[in-house]
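Colleague: I'd like a close look at one part of this model, if you have a moment. Could you walk me through it residue by residue?

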Amino acid sequence: MALSIRAQAISLALAFSLGVGLGLLYDLLRPIRRHGGGAVWDLLFCLCAAAAAFLFAMRSPNGLLGTGEILLSLAGLLGYFRLLSPVCLPLFGKVDRTIGAIWIFTQNSGKKVLFSAKKLFQKSRE
């Protein structure tokens, strides 16, 4: 059974957007990878990409991932890296640094609160 032209066009557009989404995910994980543990984040990206490709193939009208979908996913990924990544990556780096600073601040504040509570409860025993 042949698919209609409209269904094929929608499938190809979704494949292109899948590539763009994978590029966005890669850029989101890139600043985290630079701080250490790169292999773990690379494995996470590969698992997400494989799961996305599998789910895309299972939801497609014909139930398989054709050559056109693979090529347009690759085109979306490469297009994202060429056009949007230079704009988005510095923004993601700033967000990563901000989250890291907030994390360090909350850890230091938590340590101070725990130290104060320890002193208070040690004095209350006496």
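What follows is a request about one stretch and a connected reply.

Colleague: Which helix does Ser-85 lie in, and what is Ser-85 in contact with, leaving aside its neighbours within four places in sequence?

Modeller: Bear in mind that this is a predicted model. The protein averages a pLDDT of 85, and 95% of the residues score at least 70. Ser-85 lies in helix α3, which runs over residues 67-125. Among the elements of the protein, α3 has the lowest mean pLDDT, at 85, while helix α1 (residues 5-34) has the highest, at 89.

Now to Ser-85 itself. With a relative accessibility of 6%, Ser-85 falls under the 20% cut-off and so counts as buried. Its side chain makes a polar contact with the side chain of Asp-27, at 2.7 Å. Once the neighbours within four places in sequence are set aside, the contacts of Ser-85 are Asp-27, Arg-30, Tyr-80 and Pro-90.

Tyr-26 is partly exposed at 22% relative accessible area, whereas Phe-45 is buried at 16%. Ring pairs join Tyr-26, Phe-45, Tyr-80 and Phe-81 into a cluster.

Since Cys-48 came up, a word on the cysteines. A search of the whole structure turns up 0 disulfides. For Cys-88, the closest cysteine sulfur is that of Cys-48, 18 Å off, so the two are too far apart for a bond. Cys-88 counts as buried, at 19% relative accessibility. The sulfur of Cys-46 also has Cys-48 as its closest cysteine partner, but at 9.4 Å that is too far for a bond. Cys-46 is partly exposed, with a relative accessibility of 48%.

Notes
Residues numbered from 1 in each chain as written. Predicted model: local features only at pLDDT ≥ 70, side-chain atom pairs only at ≥ 80, totals over all residues. Heavy atoms only, no water. Helix = DSSP H or I, 4+ residues; strand = E, 2+ residues; numbered from the N terminus. pLDDT = per-residue confidence, 0-100. Buried < 20%, exposed > 50% of the residue type's maximum accessible area, 1.4 Å probe, protein only. Polar contact = N/O pair within 3.5 Å; in protein donor to acceptor, adjacent residues only side chain to side chain. Contact = heavy atoms within 4.5 Å. Disulfide = S-S within 2.5 Å. Phe/Tyr/Trp six-rings, centres within 6.5 Å; stacked < 30°, edge-to-face > 60°.
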